[in-house]
Amino acid sequence: EKVIASEGKHVSTTSGFSMWPLFYDRRDTIIVLPFEGRLKKYDVPLYRRGEDYVLHRVIKVLPDSYVIRGDNCENNEYGITDADIIGVLYAFYRKNKYAEVTDFRYRMYSFCIVSSFPIKKFFRRVRAKLRRIFKKR
């Protein structure tokens, strides 16, 4: 928070698997700019959840808050407000290739990852059931 406030941006590597396959753990570099105004669907804000900083995607904009979910997560996060938001993803380096969030390919990826969620969730549950069935044998 202090870095964004003093330098006007935050550059770091990502940690964790919640935004996979877009970001890989400790490999990809993100550039986060200060947050201003309201977020839009598909924006990727950096926000504070307790003591942790989280970078997940907005999947729904409500009048007073946002519904947010990681690309590789099944559960939505509710009640994230503008006061929780520190910055928003502006660009990233993936495999040493620079991309901005305004790039057409990135925007298509964002649309597809959010739109395909019900299908992905269905197949995850089917796979889990099949594992349980075959484990019993």
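**Labels and the values behind them**

Reply: This is a predicted model. Threonine 14 sits in the loop between strand 1 and strand 2.

Me: What makes threonine 14 count as buried?

Reply: Buried means under 20% relative accessible area. Threonine 14 has 9% relative accessibility, so it counts as buried.

Me: Which peptide bond is cis, and how do you know?

Reply: The bond from tryptophan 20 to proline 21 is cis, with omega near 10 degrees. Proline 21 is in the loop between strand 1 (10–13) and strand 2 (29–34). As background, most peptide bonds are trans.

Me: Why is the phi of tyrosine 42 worth a remark?

Reply: Most residues other than glycine have a negative phi. Tyrosine 42 is not a glycine, yet its phi is positive, about 85 degrees. This residue, tyrosine 42, belongs to the loop between strand 2 and strand 3 (45–49).

Me: What about lysine 95?

Reply: Lysine 95 also is not a glycine and has a positive phi, about 55 degrees. Lysine 95 is placed in the loop between strand 8 (85–94) and strand 9 (97–100).

Me: Why is lysine 95 called exposed, and what is tyrosine 42 called?

Reply: Exposed means over 50% relative accessible area, and partly exposed runs from there down to the 20% limit for buried. Lysine 95 has 58%, so it is exposed. Tyrosine 42 has 23%, so it is partly exposed.

Me: How do you know that aspartate 82 and arginine 38 form a salt bridge?

Reply: The test asks for a side-chain nitrogen of Lys or Arg within 4 Å of a carboxyl oxygen of Asp or Glu. For the side chains of aspartate 82 and arginine 38 the N to O distance is 3.1 Å, and the pair is a salt bridge. Aspartate 82 lies in the loop between strand 7 (77–80) and strand 8, and arginine 38 in the loop between strand 2 and strand 3, so the bridge ties together parts that are 44 residues apart in sequence. Aspartate 82 is partly exposed at 28% relative accessibility, and arginine 38 is partly exposed at 36%.

Me: How many salt bridges does the structure hold?

Reply: The structure holds seven. Among them is the bridge between arginine 124 and glutamate 74, at 3.8 Å from N to O. Arginine 124 is in helix 3 (residues 117–136) and glutamate 74 in the loop between strand 6 (66–69) and strand 7, so this pair ties together parts that are 50 residues apart in sequence. Glutamate 74 is partly exposed, with 27% relative accessible area. Arginine 105 and aspartate 103 also meet in a salt bridge, at 3.3 Å from N to O. Arginine 105 is exposed at 65%, whereas aspartate 103 is partly exposed at 26%.

Me: What makes a group of residues a nonpolar core, and which residues have the most contacts inside the largest one?

Reply: The members must be buried residues of the nonpolar kinds, joined through side-chain atoms within 4.5 Å. The largest nonpolar core has 14 residues, and Phe23, Ile30, Leu89 and Phe92 have the most contacts inside it. Strand 2 and strand 8 are the elements that give two or more residues to this core. Strand 8 gives the largest share, three residues. Phenylalanine 92 is in contact with Leu22, Phe23, Thr29, Ile30, Lys97, Tyr98, Ala99 and Tyr106, leaving aside neighbours within four places in sequence. A second, separate core of ten residues includes Phe35, Ile68, Ile85 and Val88.

Me: Why is a space inside the protein called a cavity, and how many are found?

Reply: A cavity is a place where a 1.4 Å probe fits but cannot get out. A search of the whole structure finds one cavity of 30 Å³ or more. The largest cavity holds about 50 Å³ of space. Its lining consists of Arg57, Ile59, Arg69, Gly70, Asp71, Cys73, Ile113, Val114, Phe117 and Lys120. Strand 5 (57–61), helix 2 (104–115) and helix 3 are the elements that give two or more residues to the lining of the largest cavity. By class, that lining has five nonpolar, one polar and four charged residues.

Notes. Residues numbered from 1 in each chain as written. Predicted model: local features only at pLDDT ≥ 70, side-chain atom pairs only at ≥ 80, totals over all residues. Heavy atoms only, no water. Helix = DSSP H or I, 4+ residues; strand = E, 2+ residues; numbered from the N terminus. Buried < 20%, exposed > 50% of the residue type's maximum accessible area, 1.4 Å probe, protein only. Contact = heavy atoms within 4.5 Å. 1 Å grid on protein atoms, 1.4 Å probe; cavity = no way out; pocket = protein on both sides within 12 Å on 5 of 7 lines; lining within 4 Å. Points joined across faces, edges and corners; volume = space filled by probe spheres on them. Nonpolar A, V, L, I, M, F, W, Y, C, P; charged D, E, K, R; others polar.
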